[in-house]
Amino acid sequence: MRCYRVLPAILFAACCLTAGATRLCAQSGVPTLSVDVAAARNAINPDIYGIANYGLDATFAQEIKVGNVRWGGDGTTRYNWMVDSSNSGFDWYFIGGNGETAPVPSASPDLMVKTYAPADALITVPIIPYVNKSAAWSCSCPQSVYGAQQSYDPYLQVNGGNCGNSLTTSGAQLTDSNILANHISNTTTLQQQWVAHLVSTFGTAANGGVKFYQLDNEPGGWSNTHRDVMPTEPGYAAIVQYGQEYAAAVKTADPSALVLGPSDFTLGGWIGTPAQQNNLYAGQYYLQQMAAYQQQHGQRLLDYFDEHYYFDVSSPAAQLASTRTLWDPTYNGGTWVEQYDFDGPMQLIPRFKSWISTYYPGTKLSISEYSIDSGQKSIVDAIAEMDVLGIFGREQLDFADMWSPPAPTDPIAYSFRMFRNYDGNGSQFGDTSVSAVSSDQGTLSIYAAQRSTDNAVTVLVINKTPAAITSAITLANLSSPSAAQVYTYSAASLTSIVHAANASITNSSVSYTFPGYSAVMFVIQPTVAPPPPAADNYMLSLSANALSASASKPGTLMLTMTPTGGLATAESFACSGLPSGWSCSFAPATLSGSTPQSTTITVGAMSAAQMSGLRSGIQTVLVWPFSLLFVGAGSTRRASRRRRARVGVMLSVMALTALALAACGGSGSDNSDKGGPPSSAGQAYTVTVTATGTGAATHSAQFTLTVSS
């Protein structure tokens, strides 16, 4: 092939480079999807696939290998294990007892643990000052004592009388004048004896017994749900004190047990009353005080920082968008805490992780009660729940439980099947999350993970719109076969995950048409097994998965390197994916050793002097070779036409490239005249941090950078 025949192609590539540098290349509008098997690798904790036990079908739980099962909720706050009964509080007419004449101590939670074994069990330990007194039926507000009320239990009468809702016919709140008639005082001794019973029945947490204990349920809401025994809302100092006392009792009975708290309600429970909490939010204060206890007593009582979260399910659009409140620094869910407290997007998981990093490092993160179920049993319910589970895995949540277990044929049941048994033969979504990026996660969500049992890469794409979308997934660092297996779930069949025709893989890319409101799983079996990990190996983790910074105020993150194979060599770090004119630095610049080490990443805009120096350097590098090319071009007498054509092409390419790079730094931006970085306020960038070192594996971690004004 003669040189001049490739001239148009080379010039076209140069033009694309120019257009890319000046941001002139048009976007198609269809989300682009990519998976990099070597990037952002993090283990997925199976405990994120947990479900509350009430009504959970045991066969379904076994089918999906449910991660954990929770004994919790309002009905467990006043549970007395000795009489195996509780009080329902305001949820249902303050009814106490279970009607049994000879109750078996701890019968109900014991049965739960046995029924769902080997799933991990989460048991709620009451820390409220009062628990139910007797298995005999009782109620806190009988009509015979407190007079007429707004409504009564339509099914049960206690001692021949009606049980009221504690509100007079005019709406006034009644006060329980004899709490001890139906309750006894709660004590740490009582709860320690219960944990001892569970240990004697099932073994310690370390030996297959009950692994998790939760410090009550939504204590910030006791004055509402349990207003008969707690008419005044407790301050968070009291909630912390209760938590410390009862957590110590749990740890005394089983030192290997793991404790969760404060397990408070959505929005308000996280905030509390900052003026009474060292000017901190309730969750921050709780972490701070639990850390102070450990510092003073030398014992960690809190293993998981745990809160509850209910999504916006007011409409299908709101339901699907609300998953972004878990992580997205560009999405504001419109809640009052975002408006008045957080002053911006919720970013719930990164936000909670930043609280942990600041106030009690080493604590894990849990959302032990959440729901995105609209109750409509729709395809939107299913794909919204899949989106949540995908986010939990990617964002490295440690523990979660969905409230309101689905029936085995409900759409949300297929959400769990997609991750835990998509083919009906026990095949699961991978257990190591890898980089999966969509240019528009609000339209096409994508999650990917590699399975340790057979190295298969599983990729889940969720179309969150009612219309079909055709896009392609580019695959990196994967020896791809010729095709991927495909499993789909859509409105076409709400009672099955369909094993569809294989999708071809061409040039490490999978093109597919994703039906409206659907989830599509690709299962890709690499043709070559990945090499064994290097002798010097490690894991990377970030203190948060999102960061906000501005041109005037840099942002910082903590990057931790945890050796897994006797790492000794020095690892250095670099960032990619930053906006034009921005840079990152690391302090210290390298890490080494056999124990976990951390470095602080500082991300910010380069100064005018740095930008000027960078442009001068680029121009020097690009301009000085031109003299050599002209020298070669001047020897035309001895040069062939082919050589002259080659020289001409190279001159053209370099000239266009020089023009493109000269434009870098903010052509058309307000800052360009000042020599500063281009304006990028309001934009979000996926930044990759890569660690490299001689004789050690290369690893990376990712975070989302939002540029604020």
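Visitor: How many bridges join β23 to strand β25, and which way do the two run?
Guide: This is a predicted model. In it, 5 bridges join β23 to β25, which covers residues 555-563. The two strands run antiparallel.

Visitor: Which residue in β25 is the bridge partner of Ser541?
Guide: Thr560 is the bridge partner of Ser541.

Visitor: What order do the strands of that sheet take?
Guide: The order is β23-β25-β29-β27. These 4 strands make an open sheet with antiparallel pairing.

Visitor: Which strands stand at the edges, and why is one side of each left without a neighbour?
Guide: β23 (538-542) and β27 (582-587) are the edge strands. Each has a single partner strand, so one side of each has no neighbour in the sheet.

Visitor: And the twist, what does it average?
Guide: From one strand to the next, the twist averages 25°.

Visitor: New topic. Which residues in the largest nonpolar core touch the most other members?
Guide: Trp270, Leu326, Tyr370, Phe392 and Met418 do. This core has 111 residues.

Visitor: Which helix gives the largest share of this core?
Guide: Helix α13, residues 379-394, with 10 residues.

Visitor: What is Phe392 in contact with, leaving aside neighbours within four places in sequence?
Guide: Its partners are Ile48, Leu326, Ile349, Ile367, Tyr370, Leu397 and Ala400. Leu326 and Tyr370 are also among the core residues that touch the most other members.

Visitor: What lies apart from that core?
Guide: Another core, of 25 residues. Ala436, Val510, Phe514 and Ile524 are among them. In soluble globular proteins, nonpolar side chains tend to be buried together.

Visitor: Switching to backbone. Is the peptide bond from Ala117 to Pro118 cis or trans?
Guide: It is cis, with omega near 15°. Pro118 sits in the loop between α3 (107-116) and β6 (120-125).

Visitor: What about the bond from Ala587 to Pro588, cis or trans?
Guide: That bond is cis, with omega near 0°. Pro588 is in the loop between β27 and β28 (590-591). β27 is one of the edge strands of the sheet. Most peptide bonds are trans.

Visitor: Is the phi of Asp84 positive or negative?
Guide: Positive, about 50°, although Asp84 is not a glycine. Most residues other than glycine have a negative phi.

Visitor: Where does Asp84 lie, and is the residue buried or exposed?
Guide: Asp84 lies in the loop between β4 (68-71) and β5 (95-96). Asp84 is buried, at 6% relative accessible area.

Visitor: And Asn278, what is its phi and where does it lie?
Guide: Phi of Asn278 is near 55°, a positive value in a residue other than glycine. Asn278 lies in the loop between α8 (268-271) and α9 (282-297).

Key: Residues numbered from 1 in each chain as written. Predicted model: local features only at pLDDT ≥ 70, side-chain atom pairs only at ≥ 80, totals over all residues. Heavy atoms only, no water. Pairing = 2+ DSSP bridges. Axes fitted to C-alpha atoms, helices over the stretch in contact; angles between N-to-C directions. Core = buried A, V, L, I, M, F, W, Y, C linked by side-chain atoms within 4.5 Å. Buried < 20%, exposed > 50% of the residue type's maximum accessible area, 1.4 Å probe, protein only. Contact = heavy atoms within 4.5 Å.
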